[in-house]
Amino acid sequence: MTDVNGLSIAILGGTGDQGKGLARRFALAGLQVLIGSRSAQRAQEAADSIGAGASGDDNAAVAARADIVIVAVPYEGHKALLESLKGELAGKIVVDCVNPLGFDKQGAYALPVEEGSAAQQAAAVLPDSRVVAAFHHVSAVVLMDPAVDKVDLDVLVLGDDREATDTVQKLAEVIPGVRGVYGGRLRNAHQIEALTANIISVNRRYKAHAGLRITDI
């Protein structure tokens, strides 16, 4: 499944900044986008604001309908939501982009996760799904900015299912300017999630919306 044309993409937590930004870019690329939320009404309102054929419904409904499901919910509700959607997500590629972070007066920092990372937690909760980690370092501000035609970014994609990671790399590349780069097995997702704290620090210091580029490939 390396051709993503014609696939439907659900985004759980699609009313949040990151989820909504990804939804917008995928919809503009011509993919069928389904925005999920605890409230079907809020999800539809977010879809209407994006346009480009996006639709909204509650998380369970979009998870059941989509070919690929992206998890973009706050870490606090991550495990409980996935546990409630085991049936809907069985057999599907589930892309986890959740960053377990805390914030204090010194800024952002990585939170410990019992399973090792949010992505590994998703894999433990969803043994019948094909879990991939990706889209951790994408600026929601950039994704939502209509003046930005091309997003200058590499998306690191991690997972244990080669076909699934290849598909998610292709999904990333429907966003103009973005390149999907294989970043290793799912067990290496912790440092990718934790690196988001460093990028937040960069952005605060330099008043930027920084991303990553991998050289020499």
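Hi everyone. A quick definition before we start: when I say helix or strand, I mean a DSSP run, H or I over at least four residues for helices and E over at least two for strands, numbered from the N terminus. And please keep in mind that this is a predicted model.

With that in hand, the protein has nine helices and 10 strands. Its radius of gyration is 16 Å, close to the 17 Å that the globule rule gives for 217 residues, so the protein is as compact as a globular protein of that length. The C-alpha trace spans about 40 × 40 × 35 Å along the principal axes. Buried residues account for 51% of the 217. If you take contacts with a separation of 6 or more, 71% of them join residues 24 or more positions apart.

On to the annotation. An unreviewed UniProt entry places the domain "Pyrroline-5-carboxylate reductase catalytic N-terminal" at residues 9-100. That stretch is 45% helix and 24% strand, with its end C-alpha atoms 23 Å apart.

Now for two residues I'd like you to look at. Most residues other than glycine have a negative phi. Phenylalanine 135, though, has a positive phi of about 65°. You'll find Phenylalanine 135 in the loop between β8 (130-133) and α7 (140-144). Is Phenylalanine 135 buried or exposed? It is buried, with a relative accessible area of 1%.

The other residue is Lysine 207, with a positive phi of about 50°. Lysine 207 sits in the segment after α9 (189-206), and it is exposed, at 76% relative accessible area.

Thanks, everyone!

Terms used
Residues are numbered from 1 along each chain as its sequence is written. This is a predicted model: local features need pLDDT of at least 70, side-chain atom pairs count only at pLDDT 80 or more; totals for chains, interfaces and linings use all residues. Side-chain values use heavy atoms; hydrogens and water are left out. The radius of gyration is taken over C-alpha atoms; the globule rule is 2.2 Å times the number of residues to the power 0.38. Buried means under 20% relative accessible area, exposed over 50%, partly exposed in between (1.4 Å probe, protein chains only). Contact means heavy atoms within 4.5 Å. UniProt positions are given in the numbering used here, feature names are shortened, and annotations may be inferred rather than shown by experiment.
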